[in-house]
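Subject: Handing over a structure, with notes

Dear colleague,

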Amino acid sequence: MNGVQTSLGETSGTAIAFFLVFISATLAITGWAARKTKTTSEFFAAGGNVSGLQNGFALAGDYMSAASFLGIAGLVATSGFDGLIYSVGWLVGWPVVTFLIAEPLRNLGKYTFADVVAYRLKKKPVRIASAIGGLTVISFYLIAQMVGAGNLIKMMFGLQYETALLIVGTVMLLYVLFGGMIATTWVQIVKAVLLLGGATLLAVLSLVPFGMNPLALFSKAAETYGPEVLAPGKLVSSPLEAVSLGLALMFGTAGLPHILMRFYTVPDAKAARASVFYATGFIGFFYLVTFILGFGASVHVGRTAITTVDKGGNMAALLLAEAVGGRPFLGFVSAVAFATILAVVAGLTLSGAAALAHDLWVGVIRHGQADEKEQLKVARVATIFLALVAMGLGLLFKGQNVAFMVGLAFAVAASSNFPVLLLSITWKKFTTRGAVSAIVAGVVSALVLIWMSPTIQVDLLKNPTAILSLKNPGIITVPLSFFVGIVVSLLFPEPEAEAKYAEVERRMHLGAADTEPVAAE
Amino acid sequence: MNEKDLRRVAAARDRIALGLTAATMFAYFGFILLVAWGKPLLGSLLTSGLSLGMLLGSLVIFLSWVFTGAYVYWANRHYDVHVDRIAGKSKHGGGT
């Protein structure tokens, strides 16, 4: 491989051994979870029995994708400081989730964020619109994960792209179909512990020659590649783009269906609150460690070697593992990266199944009247359907550059799900029409603006120029969705929804146990 | 009384939540705009191996976590107490 010494991409015994251990352990968990999954509430929300700390790990597991682990490490390895900009952006959504969303969501909903929006509005139109918003986000996120999975596994284990998709799709399907949210939660916890532990160990090993001092490592990198590795580079050139991307990252997290769904797995709002605090700590720590890994790779492996193996630098963390820990450690970290992909895809699939089964089938087609047996059956059918869709999308987008799709998912989430969720819990005069039009405006404007942007027109379609020079639509679409939601609500008031706000406010703070109207006021 | 109490607790939570959201936004967008406009400044070295930008970026991550912790601390100490009191009251038929 052009003089780069690596066993990456060869079928490695240790990698397969670690991988098989992970698969057997998680399938054993799934078997245990399957016996405990008898009701819809257990399938979608683990019966509300997950503790705050467990959910903190699981939230971190849902959020820390292979793209951020390998992608940020690669970006830092090849360009230095700029990787930190992404790390910061991906973290700042979490405080917003804590302050504005987590507790009201836990108290007002059951399985999906649409429950909250539909609480005092007309159920059907709101559920349809929310499901569209949710499923759009899930689809783009899934495409990015599946294509990334296929490519990564090909590079790590030398498997064929299609085989990789089939393995990811099948194993993920087993988790979700049989173990529901209980299995998915434990897969996330195992994965989060492995990823946090593996990344920390890797950072420690790469710091050993530098007396455990990260600054010594950074200055070695600056010595080798010039002082500019410690300074902002080309990533942020226009303040407008930077703020626009920032808005999508900051408010997008609060609109990701698979993240929001996790708050229903804890017993109460207090546990929901605690779980975001733990998750923010784990994720923040993880991103800081990833920064060290990037510099570690540029020093221990070298930029030329990293970009020779993969132009985008995505293999930096894995090459570092081999350089500082030998082939067995490379095998371990590769297996962890694989586990990471599996867990994220499982979380996405389960939240998509909730939108299809709970919002669309039970909420819309069955008018909210479906017995337990039917609900569970539909949930499982939806899971199988989504697993097939995920694999299909992976095949369809094979060989495409889909890195922008995660950004697109965040943009859509920030400009449809988040505004509607926030307005429905904070604004008395919010109406059904307002909610539906805000979601439609957000989804459509985000898609249209991305389509007109250089990302699609120039990078993908190879046109000489783009219709619009803005790459990140957030700065237009987030305010637009709020604006449309507010104006439409004011133009067409809905007195019934306004009258029910007192109940929403009460339940939002006091929880579901206190929903009966108070007798004597 | 009960409704009034609830409104007061809700207003207190809104104030804290919005204040902390604004603080997080200020820290984050401040960092981003400095990255866009103050490249040489952020590239200046504080000590060997550490630039101002690296320190500020890590600080935004750390602050996000601290703000989250501050909210959780406040909510556990104050918000929950009032909420429990109001919920307890209403279970006994409200307004005593």
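The largest nonpolar core has 234 residues, and those with the most contacts inside it are A:Ala317, A:Leu319, A:Leu320 and A:Val345. A nonpolar core here is a set of buried Ala, Val, Leu, Ile, Met, Phe, Trp, Tyr and Cys residues joined through C-beta atoms within 7 Å; a residue is called buried if 20 or more other C-beta atoms lie within 10 Å of its own, exposed if 12 or fewer, and partly exposed in between, with C-beta atoms placed from the backbone. Helix α15(A) supplies the largest share of this core, 32 residues. Helices (H or I, at least four residues) and strands (E, at least two) are DSSP runs, numbered from the N terminus. If residues up to four places away in sequence are not counted, A:Leu319 touches A:Thr6, A:Leu8, A:Ala297, A:Val301, A:Ala305, A:Ile306 and A:Val309, where two residues are in contact if their C-beta atoms, placed from the backbone, lie within 7 Å.

Before going further, please note that this is a predicted model, in which local features need pLDDT of at least 70 and side-chain atom pairs count only at pLDDT 80 or more, while totals for chains, interfaces and linings use all residues. Residues are numbered from 1 along each chain as its sequence is written, and chains are lettered from A and ligands numbered from 1 in the order in which they are written.

Helix α15 (residues 316–365) of chain A also packs with helix α4 (residues 66–79) of chain A, at an angle of about 145° and with their axes 9 Å apart; axes are lines fitted to C-alpha atoms, for helices over the stretch in contact, and angles run from 0 to 180 degrees between N-to-C directions. On the α4(A) side the residues are A:Ala66, A:Phe69, A:Leu70, A:Ala73, A:Gly74 and A:Ala77, and they meet A:Ala316, A:Ala317, A:Ala337, A:Thr340 and A:Ile341 in α15(A). Sorted by class, this contact of α4(A) with α15(A) has nine nonpolar, two polar and no charged residues, with Ala, Val, Leu, Ile, Met, Phe, Trp, Tyr, Cys and Pro counted as nonpolar, Asp, Glu, Lys and Arg as charged, and the others, Gly among them, as polar.

Helix α13(A) is mostly covered, since 28 of its 32 residues are buried. At 1.5 Å a residue its 32 residues should span 46 Å, which agrees with the 46 Å between its end C-alpha atoms; the expected span is 1.5 Å times one less than the number of residues. A:Phe291 lies in this helix and is buried, with 26 other C-beta atoms within 10 Å. Leaving aside neighbours within four places in sequence, A:Phe291 is in contact with A:Val76, A:Gly83, A:Leu84 and A:Ser87. The C-alpha atoms of A:Phe291 and A:Ser87 are separated by 8.3 Å, although these residues are 204 residues apart along the chain.

Helix α10(A) has as its buried residues A:Pro214, A:Leu217, A:Phe218, A:Ser219, A:Ala221 and A:Ala222, and these pack against α9 (161–207) and α13 (269–300) of chain A together with β2 of chain B.

Most residues other than glycine have a negative phi. A:Met212, in the loop between α9 and α10 of chain A, has a positive phi of about 60° although it is not a glycine, and A:Met212 is exposed, with 11 other C-beta atoms within 10 Å. A:Ala46 likewise has a positive phi, of about 50°, but A:Ala46 is buried, with 27 other C-beta atoms within 10 Å.

How many helices and strands does chain B have? There are three helices and two strands, in the pattern α-α-β-β-α along the sequence. The radius of gyration of chain B (taken over C-alpha atoms) is 21 Å, well over the 12 Å that the globule rule (2.2 Å times the number of residues to the power 0.38) gives for 96 residues, so chain B is more spread out than a compact globule.

Finally, 50 residues of chain B are in contact with 47 residues of chain A. On the side of chain B that touches chain A, α3(B) gives the most, with 20 residues.

With best wishes
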